[in-house]
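Have the sequence and the 3D view at hand as you read.

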Amino acid sequence: MSVLAPLALAALLLPLSGLAFLNHDAIAFGVRVSDERVGGSSPAAAKALLLRRARAYAQREFTFTVGGEEFRITTAATGLTLDGEETWKQAFAVGRGGNIFANIKEQLRAALFGMRLRFAAKIDDRTFETFFEAHLETHENRARDASLGWNEEKGVFETVTERDGTVIDTSKLKYDLLHAGSAFRTPTIAVLTVHDEPSIRTSDVEPLVPKANEILENAPVAITYPPEKTVRSKIEKAQLK
């Protein structure tokens, strides 16, 4: 019995070991990238396929909706790109990252149940900024901070009140682009706007108004603004009398 047990174990592990090395130079059976079957393919074939698909995806178009408007633009113009090189490497790594038993288990799971991977996707920030400025920036109404304003008629400083605004949530937009790209989809994306709150409120500025006007009143020089209006100091006013 002591001799038969090791032989039985060896007989069980032999085909499993064979499976682990069956795809030694190929991607594990059952692996897909999005809807592309790459399992069983050589690295070179998988790489060529995924690079070709990534180039084709760059010419597909997203539809964006924002502020009641709709427009279409290619994925490449948004700055989104699919990395076919990185993707095929991730596919080839299935069943190769651990010890022999872990590798056998992962390759068996992929072969029996399938394993769907996503495309590696990334966004070029400079291209995204160009896309944003050309198509989305006009849909923003940024907040305005409260500030000191010059009243030309009265010749004094006054408070300019703050204004709340709305801006586009660029983090959410980038997430939606990456999520769609990694799934090799080009859905309609609703651009989300969020509240933009001013950082300086009227209550922060109001205490400064009398101080600013006091400094202006006691200034030893004349301040002319605009050219036809002159605000003179107390000293000058006294000299003019």
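This predicted model holds 13 salt bridges.

| Salt bridge | N to O distance |
|---|---|
| Asp125 and Lys174 | 3.3 Å |
| Arg201 and Glu162 | 3.3 Å |
| Lys172 and Asp176 | 2.9 Å |

Take the salt bridge of Asp125 with Lys174 to begin with. Asp125 belongs to helix α5 (residues 125-135) and Lys174 to helix α6 (residues 170-182), so this pair ties together parts 49 residues apart in sequence. Asp125 is partly exposed, at 44% relative accessible area, and Lys174 is partly exposed too, at 26%.

Next comes the salt bridge between Arg201 and Glu162. Arg201 sits in the loop between β12 (193-196) and α7 (202-205), while Glu162 sits in the loop between β9 (156-160) and β10 (165-168), so the two link parts that are 39 residues apart in sequence.

Lys172 is partly exposed at 34% relative accessibility, whereas Asp176 counts as buried at 17%, because the cut-off for buried is under 20%. Elsewhere, salt bridges with shared partners join Glu162, Asp164, Glu197 and Arg201 into one network.

Now for helix α3 (residues 84-92), whose buried residues are Gly84, Thr87, Trp88 and Ala91. They span an arc of only 95 degrees around the axis, so they fall on the same side of α3. These buried residues pack against β1 (31-33), α2 (43-57), β5 (80-82) and β6 (115-117).

Terms used. Residues numbered from 1 in each chain as written. Predicted model: local features only at pLDDT ≥ 70, side-chain atom pairs only at ≥ 80, totals over all residues. Heavy atoms only, no water. Buried < 20%, exposed > 50% of the residue type's maximum accessible area, 1.4 Å probe, protein only. Helix = DSSP H or I, 4+ residues; strand = E, 2+ residues; numbered from the N terminus. Arc of directions from axis to C-beta. Contact = heavy atoms within 4.5 Å. Salt bridge = Lys/Arg side-chain N within 4 Å of Asp/Glu carboxyl O.
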